[in-house]
Amino acid sequence: MSTAAAAPVKTMPEHHYLNATYGIRSWLLTVDHKRIALLYLASVTFFFFIGGFFAMMIRLHLLTPSGYLLSADTYNRMFTMHGVAMIFFFLIPSIPAVLGNFLIPLMIGAKDLAFPKINLLSWYVYVVGGAFTLYSMVSGGLDTGWTFYTPLSTVYSNSAVAPAVVGIFITGFSSILTGLNFLVTIHTMRAPGMTWFRLPMFVWAHYATSIVMILGTPVIAITLALAGMERLFGLGFFNPAMGGDPILFQHLFWFYSHPAVYIMILPAMGVISELIPTFARKQLFGYHFVAAASLAIAVIGFLVWTHHMFLTGQSTYAALVFSFLTFLVAIPSAVKTFNWVATLYGGSISFDTPMLYAFGFLGLFLIGGLTGLFLGCLGTDIHIHDTYFVVAHFHYIMVGGAIMGYLGGLHFWWPKMTGRMYPEWLARISALILFVGFNLTFFPQFLLGYLGMPRRYHVYPPEFQVYNVMSTAGASILAIGYLLPMIYLTWAAFCGKVAGDNPWPATGLEWKTQSPPLTENFEVTPVVTWEPYDFHNRPDLGLDAVAANGVVPAHGDD
Amino acid sequence: MQSPLPFFPEQASNFAGNVDALFSYILVTAIFFTVLVSLLAIFAAFRYRRKNASDIGAEIHGNTALEIGWTLIPLILALGMFAWGAVIYVNYRTAPKDTLDIYVIGKQWMWKLQQPNGRKEINELHIPVNRNIKLILGSEDVIHNFYVPAFRVKMDVVPGRYNTMWFRPTKVGKYHFFCSQYCGTNHALMGGWVIVQDPAEYAAWLSGESGDVSPVSAGEKLFTQLACTTCHVSNGTGRGPSLNGVYGAKVLLADGSIVTADEGYIRESILQPKAKIVAGYQPVMPTFQGLVTEEQILNLTAYIKSLQTQPVPAKGAGVAPATSGKK
């Protein structure tokens with residue numbers, strides 16, 4: 001391309017956080033938030049592969065009604081360990097601990113998080129918790145469902161429940177420490193001029209997420225500790241034969257685990273709120289409303305937990321109140337969606353890979369969010385509760401929403417993290433494969449659910465087979481859609497084209513430093529004088545030069 | 001007969017039509033918003049695609065009227081869904097009076113069901129069409145869930161307590177029922193068939209050879225075997241209160257409060273007798289926890305329920321005098 005030839009050849013900066021020190025000790029004892037983010041990246045990817053392997057086993061097994069691949073016990077272990085690996089060890093830490101860790105100090109103009117050593121500690125805590133859980137997986141597995149419902153988990157299960165419970169208990173502390181670190185950092189370490197309403201929406205989303213992490217996670221720790229004591233020492237908290245109440249466990253469990261859904265989706269919403277303004281080159285529509293919606297979700301999200309329990313025999317009045325609040329929590333999500341779409345209006349929209357993920361997120365989150373209405377509604381929940389409808393719904397939110405956000409964010413910030421670009425066309429095709437594969441996998445499960453196929457079945461009546469075959473076919477496409485980015489992003493980290501400081505260009509502070517950044521992030525503390533996502537008063541973005549010289553940004557189509 | 005890609009399951013109960021109608025209402029709303037938002041996004045993506053590498057978007061910050069609009073409109077629609085769903089749910093949780101009561105016990109991994117006349121079934125449930133059916137659900141071990149997709153109803157079966165569910169089958173036929181709460185190894189095999197019959201056919205089936213004794217007589221026998229009769233003397237002269245007329249009545253407790261004697265109260269009094277002491281009696285009854293099965297508890301309960309029509313003694317009854325208690 002002739003215009004590209006006019007662009008100055010970009011080179012990697014001489015000093016940056018990746019080459020500041022060398023050797024395994026420099027990584028394992030680092031207190032640099034960016035290196036810790038990469039440690040998290042490696043470990044959550046590891047658990048994603050484990051969880052993904054279990055998912056493939058599940059889908060292959062369900063290809064036929066009689067299930068030809070696994071025994072009942074093995075199948076039950078597969079879906080349990082799929083859930084445990086994906087939720088506690090991938091989805092919950094993914095965006096906060098990888099992208100949040102890397103970006104929050106950069107975005108607010110700080111040198112690091114408030115407590116760098118606690119940040120490193122949180123990673124070690126995660127690894128120790130992960131090790132216990134892996135031990136549970138190899139020493140008998142786990143077959144209680146990720147929900148650990150009592151008394152199945154505490155009295156009747158013959159699998160390695162105790163080490164898994166200990167592992168998740170420990171890992172929770174890593175979440176708490178991360179949330180604490182973010183809150184203190186956002187409160188105290190913003191650069192001059194970085195007022196609350198100049199914060200990128202990604203930071204707002206993590207602020208809301210951190211509140212949920214700090215207030216919710218201790219409850220799951222207590223719950224699992226009680227369940228562990230009942231299993232190991234026979235204390236009757238939940239076992240009705242000893243005077244305990246099995247429904248009490250569900251109250252405690254969902255008091256955390258429903259807000260935990262927002263730990264997974266809020267950060268993804270934060271990523272989308274960065275991607276859409278950047279690639280539409282336009283301010284985020286209704287900034288204050290989007291920020292308020294994040295906080296509203298975090299607060300109301302704590303008050304809806306018994307919508308998982310409408311059919312446990314709980315009081316009718318309680319069910320009415322919780323159904324009502326569930327409909328309320330849907331509203332801020334709707335508000336965010338409308339604001340994202342309104343941001344597109346009048347923009348200058350490009351279709352770079354991160355933006356494709358943002359579009360994908362919009363579509364999948366719409367379906368995932370709207371199908372939540374059927375489940376929050378008491379009348380329809382009687383029928384579809386505990387069926388594949390639920391499975392499809394939460395995969396649309398947690399895989400369609402959270403992982404689309406995570407991958408979109410990884411592509412967007414990959415040049416900042418590694419200093420290098422990924423192959424654009426391969427990335428676009430992967431995003432498309434992922435979108436198609438995802439819908440083919442999970443959309444048929446809505447239909448299965450309404451027809452009445454219960455969850456967690458290792459065999460099923462033959463009339464459900466058509467949709468199960470479609471779902472398994474989709475899962476194989478989806479697997480390719482996940483493998484491709486893993487491969488080319490790794491390749492790009494070492495061999496990709498040098499990206500430059502601000503390849504898109506984007507407006508955030510993280511793009512005002514070099515790529516990859518220095519260990520100290522900025523040579524001098526930046527001073528913020530502009531409004532968020534404002535492209536109009538930002539000559540430093542170099543768009544005028546582009547207009548004058550016809551120089552296209554570095555990532556151009558190659 | 002069935003389409004290769006079915007959407008709605010068969011409708012075979014009083015709830016099915018209403019649940020499907022509510023589902024369709026939410027579905028239409030959801031499709032409307034999905035299409036609206038998708039079309040707007042696709043339209044914007046084409047209309048405002050970047051033409052020159054240096055183009056930037058228009059300077060638009062937001063619009064408060066729009067924000068209020070797209071907060072309020074979804075809120076109103078959502079409240080409509082809530083209200084309709086609440087009506088169905090309250091109806092489902094409030095069984096009518098004239099039900100045919102069937103006891104259902106879930107255990108890993110089978111269902112035991114018993115008709116009012118004592119006829120027992122395993123993994124099959126025979127019921128007459130167009131009759132209100134109430135299932136009284138108990139569990140021997142973990143939490144199960146009784147689910148009949150064609151009826152659009154399900155309810156958890158929780159150990160340590162009774163749940164009830166009701167429905168009225170509207171179509172003769174054979175329908176799947178499933179366990180839909182994960183309960184261990186053979187969760188997926190823990191299902192069976194609901195067989196809805198004409199009343200005449202059902203009556204013929206019910207009177208067929210089964211050799212099962214009715215829960216009431218089984219309970220009466222147990223009541224003697226377990227020596228309950230030693231203290232719960234029917235004329236009110238025993239160490240425990242007479243149980244005549246207790247079921248469904250108000251009971252005055254030692255702490256002054258009043259409870260209604262339902263299935264849950266009877267069950268608790270058998271398993272945790274010290275939890276609620278009847279006024280005027282000593283906490284001397286031993287627990288029967290671990291000594292009786294769920295099925296035996298149901299039989300005892302059925303027997304105690306049958307005493308409802310027996311004459312209540314003037315002294316020594318569990319029943320609270322009509323004058324006492326204001327709550």
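**Figure 1. The loop between α16 and α17 of chain A, around A:Pro505.** A:Pro505 sits in the chain A loop that runs between α16 (465–495) and α17 (543–549); helices here are DSSP runs of H or I with at least four residues, strands are runs of E with at least two, and both are numbered from the N terminus. Keep in mind that this is a predicted model, where local features need pLDDT of at least 70, side-chain atom pairs count only at pLDDT 80 or more, and totals for chains, interfaces and linings use all residues. Residues are numbered from 1 along each chain as its sequence is written, while chains are lettered from A and ligands numbered from 1 in the order in which they are written. The peptide bond joining A:Trp504 and A:Pro505 is cis, with omega at about -15°. A:Asn521 is buried, with 23 other C-beta atoms within 10 Å; buried means 20 or more other C-beta atoms within 10 Å of the residue's own, exposed means 12 or fewer, and partly exposed is in between, with C-beta atoms placed from the backbone.

**Figure 2. A:Phe148 and its positive phi.** Look in the loop between α5 (116–138) and α6 (152–156) of chain A to find A:Phe148. Phi comes out near 55° for A:Phe148, a positive value in a residue other than glycine. A:Phe148 is buried, as 28 other C-beta atoms lie within 10 Å.

**Figure 3. Where chain B touches chain A.** Chain B puts 78 residues into this contact and chain A puts in 82; two residues are in contact if their C-beta atoms, placed from the backbone, lie within 7 Å. On the chain B side, the elements giving two or more residues are α1 (16–47), α2 (64–93), β6 (144–148), β7 (153–157) and β9 (173–179). α2(B) gives the most, with 18 residues. Sorted by class, the chain B side has 47 nonpolar, 20 polar and 11 charged residues. Nonpolar covers Ala, Val, Leu, Ile, Met, Phe, Trp, Tyr, Cys and Pro, charged covers Asp, Glu, Lys and Arg, and the others, Gly among them, count as polar. The model as a whole scores ipTM 0.91 and pTM 0.89.

**Figure 4. The two domains of chain B.** Domain 1 takes in 6–39 + 66–212 and domain 2 takes in 215–309, with bounds that come from an automatic or database domain assignment. Their C-alpha centres are 31 Å apart. Contact between them involves 10 residues of domain 1 and 7 residues of domain 2. On the domain 1 side, β1 (100–107), β2 (110–114) and β5 (133–139) of chain B each supply at least two residues. That side has 4 nonpolar, 3 polar and 3 charged residues.

**Figure 5. The open sheet β4-β10-β9-β6-β7 of chain B.** Five strands line up here in that order, with mixed pairing; strands pair if DSSP finds at least two bridges between them. β4 (124–128) and β7 of chain B are at the edges with a single partner strand each, so one side of each has no neighbour in the sheet. On average, neighbouring strands are turned by 20° against each other, direction ignored. β6(B) and β7(B) run antiparallel and are joined by 5 bridges, and B:Asn145 has B:Asp156 in β7(B) as its bridge partner. Helix α3 (residues 199–206) of chain B lies across β4 and β10 (192–197), running at about 130° to β4(B); axes are lines fitted to C-alpha atoms, for helices over the stretch in contact, and angles run from 0 to 180 degrees between N-to-C directions.

**Figure 6. The open sheet β3-β2-β1-β5-β8 of chain B.** This sheet has 5 strands and mixed pairing. Its edges are β3 (120–122) and β8 (163–167) of chain B, each with a single partner strand, so one side of each is left without a neighbour in the sheet. Neighbouring strands are turned by 25° against each other on average, direction ignored. Between the antiparallel strands β1(B) and β2(B) there are 5 bridges, and B:Ile105 stands opposite B:Lys112 in β2(B).
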